[in-house]
Amino acid sequence: MKKTTIIYRLLPTLAFIAFCLFVLLGLRKEYLEEVAGMTPFYLSPTFTTQTWGQGFMGGITWCSTALCACMTNPVLGASLLTLLLTLLSLLIRYVLRVKWQWLPLCFIPSLWLLGNFTSRGYELYTSKDSGTEFNMLFIAITITAIMAPLSAWWTNRTKKTSKNSATSQTNKSKKTTPNSKTPVIYFVVSLLGMTLMAWHTYHRTFKDQNYRNILRMKQAVDKNDWQQVLDIARQQSPDLPPTRIQVCYTRLALYKLGLSGESTFSYPDGDADYATPNVNQYLRLIAGPQLYYFLGKPNYAYRWCMEDMVEYGLRPQYLSYMLRSSLLNEEKTLAEKYARQLNAHPFYHIDYEHDYEAEVKAIQPLLEYNNILDGDGGHVEAYLLQNYATMRGGTREMVTLSLDCALILKDINDFWPLFIKMLPVWEHENGNKIPRHYQEAALLFANLQGNIDLSQVNIEDNIKEQFNNLIAEANANSQYGDEYNATRLRPLYGNTYWYYFFFTTGLKTN
């Protein structure tokens, strides 16, 4: 075989592999990990029997869910998927006996299947067919693998039949002057067809940046990596408003790091639409169990996991937060049950008595309330804000969270009792330094109400001066309207509670 022919055969294969890995690991890495968490796959007799008991399609689905489970490690999952797609292309070439100049066309079906997978986004959370993403791939591999020996048999039979005419064909070819450039032209044409399909796959791929950031934040929250959540929030483009899920994750991370009173309004806020035509409660579906669990509402986390599990299946992410909620509620027997199920997954190995010990200990101070399960209507953010803002008493952690919620809701009446309750805590534990946003809120609310004496409260002089400057500038330009003031004042005051109070309006909290 000529050296150039080997290169022509390797070129489309290597290009296809590189393209697959670029799309899967460069554009959709977070999605791969999310697919694994939302796909039931367990190496248990019950799961295996139920799946394989469905016959041929059951076996195909088992293979598909196994591949999805491997995406718990995105590099492993992407490598296996790329290998299988490449195998399908080479099987197609073998079965159809495609010559090297037409080899690139054999990758078109695999590129189409890749595009089917990478084009998905928010429907991952509402699909009741979790794990079937690769059914078509495994069906195609099975069919071509069965046809491969039949193709070999037919080729050998054809060769024997045409053996007698080989000599005359050779003589004929000697009389004809071959055009050595023609196969190369065919190769270029077929490579162009493969390139066009790759271009189509790339443009089908779901590349919404907010969705990617949501998944990155979600996975960081799972690992208690609060600084990573804030780093992702900081990377948000000024021209791209975040969704409410991103805002909730950011505020959760700030609270967990003890930075909510200092930095909440320095981070992007917004209520951008989710990039999907299908309206649904995506905040609840994606972030609900996490927000409820980490903010001390384990019964709500458990309730929504249970409801979604009934509708969408035994997804590992649901089991994970049902396990965590059980530990937080000190229901050890229930926790053991969910741990056994999760440990039947090939990539989940949980020592529940130790893996979540520090996490549970950090949440326990938020549990000092009457544990009554009422309805939230699926409006997670609105419920948490209202519930905590109106809560009275509790631990320091609970009062701090209540104070943060009162600020976000711009709730003056609920702010004062919470603020007053925290004054002695700040005096004895924080050197009488009140976190910046609480000082800003106290100044603003006192100014609005006009009958509040702050002479005994440690409001820093620079904050008083900044507030007076803001009021003066806003009044000087009041004739131009709020929109003008919002734009003009943002560079100097955009990270203050005052700016949030006056100019951040109309946001949909869910």
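In this predicted model, a nonpolar patch on the surface is formed by W102, L105, I185, Y186 and V189, with about 430 Å² of accessible area together. Such patches join nonpolar side chains (Val, Leu, Ile, Met, Phe, Trp, Tyr) within 5 Å, taken from residues with over 30% relative accessible area and no salt bridge (a side-chain nitrogen of Lys or Arg within 4 Å of a carboxyl oxygen of Asp or Glu); areas follow the Shrake-Rupley method with a 1.4 Å probe. V189 belongs to helix α9 (residues 182–204), helices being DSSP runs (H or I) of at least four residues. Its relative accessibility of 48% makes V189 partly exposed, the class between buried (under 20%) and exposed (over 50%). Residues are numbered from 1 along each chain. Local features require pLDDT of at least 70 and side-chain atom pairs pLDDT 80 or more, whereas totals for chains, interfaces and linings use all residues, and side-chain values use heavy atoms, without hydrogens and water.

The structure contains 45 aromatic pairs, defined by ring centres within 6.5 Å (planes under 30 degrees apart stacked, over 60 edge-to-face, the rest tilted). One of these, Y8 with F187, is tilted, at 4.8 Å centre to centre and 50° between the planes. This pair connects helix α1 (residues 3–27), which holds Y8, to F187 in helix α9, 179 residues apart. F187 is buried at 3% relative accessibility, whereas Y8 is partly exposed at 24%. The rings of W100 and F187 also form a tilted pair, with centres 6.0 Å apart and planes at 40°. Because W100 lies in the loop between α5 (74–96) and α6 (108–118), its pairing with F187 in helix α9 ties together parts 87 residues apart in sequence.

Methods:
Patch = residues over 30% accessible without salt bridge, like charges linked within 9 Å, V, L, I, M, F, W, Y side chains within 5 Å. Helix = DSSP H or I, 4+ residues; strand = E, 2+ residues; numbered from the N terminus. Buried < 20%, exposed > 50% of the residue type's maximum accessible area, 1.4 Å probe, protein only.
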